[in-house]
Amino acid sequence: MKAAVIGAGWAGLAASVALREAGAKVTVFEAGHTPGGRARRVFTGGFDAPLDNGQHLLCGAYRRTLAVMRRVGRNPDALLMRRPLRLASLDGRFRLSAPRLPAPLHLAAAALGARGLSWNERLSMLRLMRGLKRMGWAAPREWTVAQLMQYHAQPEGLVRQVWEPICLAALNTPVAAASAALFAHVLRDSLAGKREHSDLLLPCTDLSALWPDAAARQVTMRYGSTVRQLRPSADGIDINQERFDAAVLAIQPAHAARLLAGPLREAGAEGLLAALKSFEYQPIATLNLRLSAPWRLPEPMMMLREDHARGHLGQWVFDRAQILGDAKAGELAVVVSAAAGIAETQRPQVIEALADQVAEQASAHPARLPPMPEPSAAELFIEKRATFAAVPGLSRPLNTTPWPTLALAGDWTDTGYPGVLEGAVASGLQAARVLNPRAQAPQP
Ligand SMILES: Cc1cc2nc3c(=O)[nH]c(=O)nc-3n(C[C@H](O)[C@H](O)[C@H](O)COP(=O)(O)OP(=O)(O)OC[C@H]3O[C@@H](n4cnc5c(N)ncnc54)[C@H](O)[C@@H]3O)c2cc1C
């Protein structure tokens with residue numbers, strides 16, 4: 001089979017891996033110049049190693065992603081720093097840490113031993129997990145996370161300290177707007193599964209080097225090659241006037257809608273076209289700071305306390321020097337999810353306020369950290385369409401289309417996940433299977 005994949009993000013590349021393994025000759029069209037899409041390497045001055053377009057975090061439940069890494073010869077155990085679930089605030093006031101006990105004891109012990117929560121909040125946390133389990137991890141489709149919290153009588157302090165940060169990190173959507181059903185799935189897969197599923201996995205290389213580079217080496221890559229014409233039919237597909245037997249379209253839904261508008265209307269598939277157009281998006285900002293001297297955080301990843309009035313919008317800070325194993329450096333990444341408040345024009349103020357947030361909260365840590373050294377370089381990435389807004393009632397397309405020669409992939413397809421890497425990879429594997437049933441099935 002002569003197959004094409006359009007888009008070299010994690011979805012498109014996962015599809016290319018599965019199609020190649022099933023014997024197809026695969027060509028990947030990518031508008032950009034680096035494999036990885038929204039999770040890719042970026043070169044920039046002032047930093048020794050390449051950066052990423054945004055700090056990413058994986059978890060032990062990302063089984064398909066870890067399996068795909070192995071399938072292209074990459075070793076997740078060497079390339080990802082694996083840590084048991086531990087949420088700790090940089091100011092030292094909050095800590096939740098899962099001991100190495102079998103599930104679900106690890107979670108019970110984490111909740112009951114949490115620092116900075118009242119007894120009522122600790123027990124409420126376990127009550128929500130029990131309540132969701134009783135509901136079969138299926139919250140009503142039209143509920144927001146805020147409604148779910150209200151229904152399970154979750155105290156405000158617990159929502160602010162635990163559920164909101166998890167919701168923002170996983171769904172990139174504030175609790176008042178986020179889908180309760182997707183949130184429940186995230187909790188089921190990460191916190192309620194086996195203990196190791198809740199492990200946090202931190203990339204020790206740039207995101208393209210994790211596995212997209214290796215996947216790209218196995219196929220024919222056409223970088224800087226934007227697909228502008230797509231004509232699917234029952235027995236083949238024309239891409240920029242070149243004929244293929246079949247293709248996976250693995251680009252963002254708004255772009256897919258533009259490419260497919262004509263063919264979908266002709267096929268009478270107005271519903272799919274409307275679904276592709278119906279997504280809204282949420283931004284994520286990542287501030288990379290290079291410090292003028294080495295500086296260690298107590299943990300590789302720590303929570304920040306937000307104070308919007310002062311521009312302290314960061315939710316997490318990552319000690320990149322520690323994660324990358326560079327003891328002689330000081331390098332941080334500060335993450336702002338659902339970053340609608342950050343506008344391009346305020347860059348210098350945003351950088352200053354986020355650096356100030358980290359320095360101030362570190363100075364409150366009980367371990368008496370040395371003061372944060374002055375930044376020597378700063379790079380602020382704002383991904384305006386980082387993920388789709390994970391709101392209730394979304395109608396997400398399947399991987400199939402009206403044509404047997406065209407499959408859809410992307411984190412936005414109906415994966416059961418919010419816009420995350422594991423969803424992207426799962427969708428790519430599923431799309432490959434739509435085109436060729438011999439392509440290995442995604443693991444459950
Ligand atoms: C800043 C940031 C932080 C994130 N943090 C996390 C995290 O911590 N954990 C997590 O699991 N997920 C996270 N995500 C989400 C994760 O990155 C995405 O879910 C995932 O990368 C989506 O992959 P994809 O293949 O579906 O889409 P994309 O990565 O968007 O891939 C689409 C590709 O298609 C290309 N393309 C578009 N149009 C065309 C065309 N016409 N012709 C050819 N090529 C085209 C694009 O250039 C792109 O490379 C984050 C995302 C961002 C932006």
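How many bridges join strand 5 (residues 58-59) to strand 9? Two bridges join them, and the strands run antiparallel. This is a predicted model, in which local features need pLDDT of at least 70 and side-chain atom pairs count only at pLDDT 80 or more, while totals for chains, interfaces and linings use all residues. Residues are numbered from 1 along each chain as its sequence is written, and side-chain values use heavy atoms, with hydrogens and water left out.

Helices (H or I, at least four residues) and strands (E, at least two) are DSSP runs numbered from the N terminus. Two strands pair if DSSP finds at least two bridges between them. Strand 9 covers residues 200-203. Within strand 9, L200 is the bridge partner of C59. Strand 6 (residues 80-83) is also joined to strand 9, by four bridges, and these two run antiparallel. Here M81 has L202 as its bridge partner in strand 9. In a regular strand the side chains alternate between the two faces of the sheet. In strand 9, L200 and L202 point one way, whereas L201 and P203 point the other way. All four are buried, meaning under 20% relative accessible area, where exposed is over 50% and partly exposed lies in between (1.4 Å probe, protein chains only).

Elsewhere, five strands form an open sheet in the order 10-2-1-14-20, with parallel pairing. Strand 10 (220-223) and strand 20 (406-408) stand at the edges with a single partner strand each, so one side of each has no neighbour in the sheet. From one strand to the next the twist averages 20°, with axes taken as lines fitted to C-alpha atoms, for helices over the stretch in contact, and angles running from 0 to 180 degrees between N-to-C directions. Inside this order, strand 1 (residues 2-6) and strand 14 (residues 246-249) run parallel and are joined by four bridges. A4 stands opposite A247 in strand 14.

Next come the aromatic side chains. Rings of Phe, Tyr and Trp (its six-membered ring) pair if their centres lie within 6.5 Å; planes under 30 degrees apart count as stacked, over 60 as edge-to-face and the rest as tilted. A search of the whole structure finds six aromatic pairs. In one of them, the ring centres of W163 and F183 are 6.2 Å apart and the planes are at 90°, so the pair is edge-to-face. W163 lies in helix 7 (residues 156-171) and F183 in helix 8 (residues 180-190), so the pair ties together parts that are 20 residues apart in sequence. Both W163 and F183 are buried. F279 and F388 also form an edge-to-face pair, at 5.5 Å centre to centre with 65° between the planes. This pair links distant parts of the chain, 109 residues apart: F279 is in the loop between helix 12 (270-277) and strand 15 (281-291), and F388 is in strand 19 (residues 375-388). F279 and F388 are both buried. Ring pairs link F279, F388 and W412 into a cluster.

Finally, the ligand. Around the ligand there are 35 residues, of which E30, R38, L57, Y62 and D411 come nearest; a residue counts as near if one of its heavy atoms lies within 4 Å. An oxygen atom of the ligand is 2.7 Å from a polar side-chain atom of Y62. An N or O atom in the side chain of D411 is 2.7 Å from an oxygen atom of the ligand.

Key. A polar contact is a pair of N or O atoms within 3.5 Å; within protein, one must be able to donate a hydrogen and the other to accept it, and residues adjacent in sequence count only if both atoms are side-chain atoms.
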